[in-house]
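Please keep the sequence and the structure in view while reading.

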Amino acid sequence: MLSEEQILEAYKRIGKNIAKARKERKISQLALSLEMGYKSVSLVSFAEICLNGVHFNITHLFQISIILNVPLIELLDGVQDIIDMSVAE
């Protein structure tokens, strides 16, 4: 079973992946937020660094994948390693 720490690490990894994909496409946090239907950057900026426990949910990941034109698997890159570490423990 994944610990709270491992789950937090997975959320952080996803946030970093999204930030990287967003920056590579030269899309601001505000532009991404607006495309997702939000009026401020709060969700995107907080979730990219998992601030105050804010993280992206599966619906967000689907939206971001489409908006950034990036495969969903790319947004989840590295998460399997965190899961595998849990199994090894």
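This is a predicted model: local features need pLDDT of at least 70, side-chain atom pairs count only at pLDDT 80 or more; totals for chains, interfaces and linings use all residues.

## The nonpolar core

The largest nonpolar core has 17 residues, and those with the most contacts inside it are Ile18, Leu32, Met36, Phe56, Ile64 and Leu68. Two or more residues each come from α1, α2, α3, α4 and α6, and α1 gives the most, with four residues. In soluble globular proteins, nonpolar side chains tend to be buried together.

Ile18 illustrates these surroundings: leaving aside its neighbours within four places in sequence, Ile18 is in contact with Leu32, Phe56, Leu61, Ile64, Leu68 and Leu75, and also with Glu48.

## The buried side of α2

Helix α2 spans residues 29–36, and within this helix Leu32, Ser33 and Met36 are buried. These residues lie on the same side of α2, because they cover an arc of only 100° around the axis. The cover over the buried residues of α2 includes α1 (4–24), α3 (42–49) and α4 (58–68). Just after α2, Gly37 takes a positive phi of about 100°.

## The pairing of α1 and α6

The axes of α1 and α6 come within 9 Å and cross at roughly 165°; angles over 145 degrees count as roughly antiparallel, and α1 and α6 are therefore roughly antiparallel to each other. Their crossing is right-handed.

On the α1 side, the contact is made by Gln6, Glu9, Ala10, Arg13 and Ile14, while α6 contributes Val79, Asp81, Ile82, Met85 and Ser86.

Conventions: Residues are numbered from 1 along each chain as its sequence is written. Side-chain values use heavy atoms; hydrogens and water are left out. Buried means under 20% relative accessible area, exposed over 50%, partly exposed in between (1.4 Å probe, protein chains only). The arc is that of the directions from the helix axis to the C-beta atoms. Contact means heavy atoms within 4.5 Å. A nonpolar core is a set of buried Ala, Val, Leu, Ile, Met, Phe, Trp, Tyr and Cys residues joined through side-chain atoms within 4.5 Å. Axes are lines fitted to C-alpha atoms, for helices over the stretch in contact, and angles run from 0 to 180 degrees between N-to-C directions. Angles under 35 degrees count as roughly parallel, over 145 as roughly antiparallel, 65 to 115 as roughly perpendicular and the rest as oblique. A crossing is left-handed if the near helix is turned anticlockwise from the far one by less than a right angle, and right-handed if clockwise.
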